[in-house]
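Thanks for coming, everyone. Let me put the structure up, and we'll walk through it together.

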Amino acid sequence: MSDVSYTLQLPEARLESIERDADAITLRFSQVYLVQEMENAFEDSLWTQAVNLSIRDYSLDGELPACPCEISGGDITNNIYTYRDHAPLPINWHGDVRCTLKLTGNDAGFSISGTGMQ
């Protein structure tokens with residue numbers, strides 16, 4: 001049996017909406033590229049799908065963008081590990097988490113920190 005890993009890619013992701021409540025903020029992406037890498041495979045698989053990313057006990061740095069918008073890249077941090085423009089799946093992280101996103105065609109970005117990300 002071969003090992004399989006999945007990666008979420010941030011560049012060209014389409015952020016459709018952002019929902020907030022007292023405990024969490026949810027980024028709703030209508031399109032995110034996902035890569036499936038298989039050990040000993042000749043090629044990786046690439047496809048798009050909708051993805052929700054929720055951050056608990058959050059604090060916001062910067063202004064949230066008007067949605068929908070396209071993401072040009074960013075960092076996703078799980079405690080001491082920072083992933084530039086991608087993140088390994090599944091995401092079910094606890095501790096110090098952060099999602100910093102850059103918008104296509106705009107120098108502005110925003111960052112969300114929290115105690116958990118799913």
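This is a predicted model: local features need pLDDT of at least 70, side-chain atom pairs count only at pLDDT 80 or more; totals for chains, interfaces and linings use all residues.

Start at Pro90, in the loop between strand E7 (86–89) and E8. Now go to Pro68. Pro68 sits in the loop between strand E4 (59–61) and E5. The bond from Cys67 to Pro68 is cis too, omega again near 0 degrees. Why point these out? Because most peptide bonds are trans.

Next, the backbone angles. Glu12 is not a glycine, yet its phi is positive, near 75 degrees. Glu12 belongs to strand E1. Asp57 also has a positive phi, about 50 degrees. Find Asp57 in the loop between E3 and E4.

On to the core. The largest nonpolar core has 25 residues. Those touching the most other members are Leu27, Phe29, Ile71, Ile76, Cys99, Leu101 and Met117. Six strands, E1, E2, E3, E5, E8 and E9, each supply at least two residues of this core. Take Leu27. Beyond four places in sequence, its contacts include Leu15, Val51, Cys99 and Phe110.

Last, the aromatics. How many aromatic pairs does the structure hold? Two. One of them joins Tyr6 and Trp47, edge-to-face, at 6.4 Å centre to centre and 80 degrees between the planes. Tyr6 is in strand E1 and Trp47 in strand E3, so the pair ties together parts 41 residues apart in sequence.

Conventions
Residues are numbered from 1 along each chain as its sequence is written. Side-chain values use heavy atoms; hydrogens and water are left out. Rings of Phe, Tyr and Trp (its six-membered ring) pair if their centres lie within 6.5 Å; planes under 30 degrees apart count as stacked, over 60 as edge-to-face and the rest as tilted. Helices (H or I, at least four residues) and strands (E, at least two) are DSSP runs, numbered from the N terminus. A nonpolar core is a set of buried Ala, Val, Leu, Ile, Met, Phe, Trp, Tyr and Cys residues joined through side-chain atoms within 4.5 Å. Buried means under 20% relative accessible area, exposed over 50%, partly exposed in between (1.4 Å probe, protein chains only). Contact means heavy atoms within 4.5 Å.
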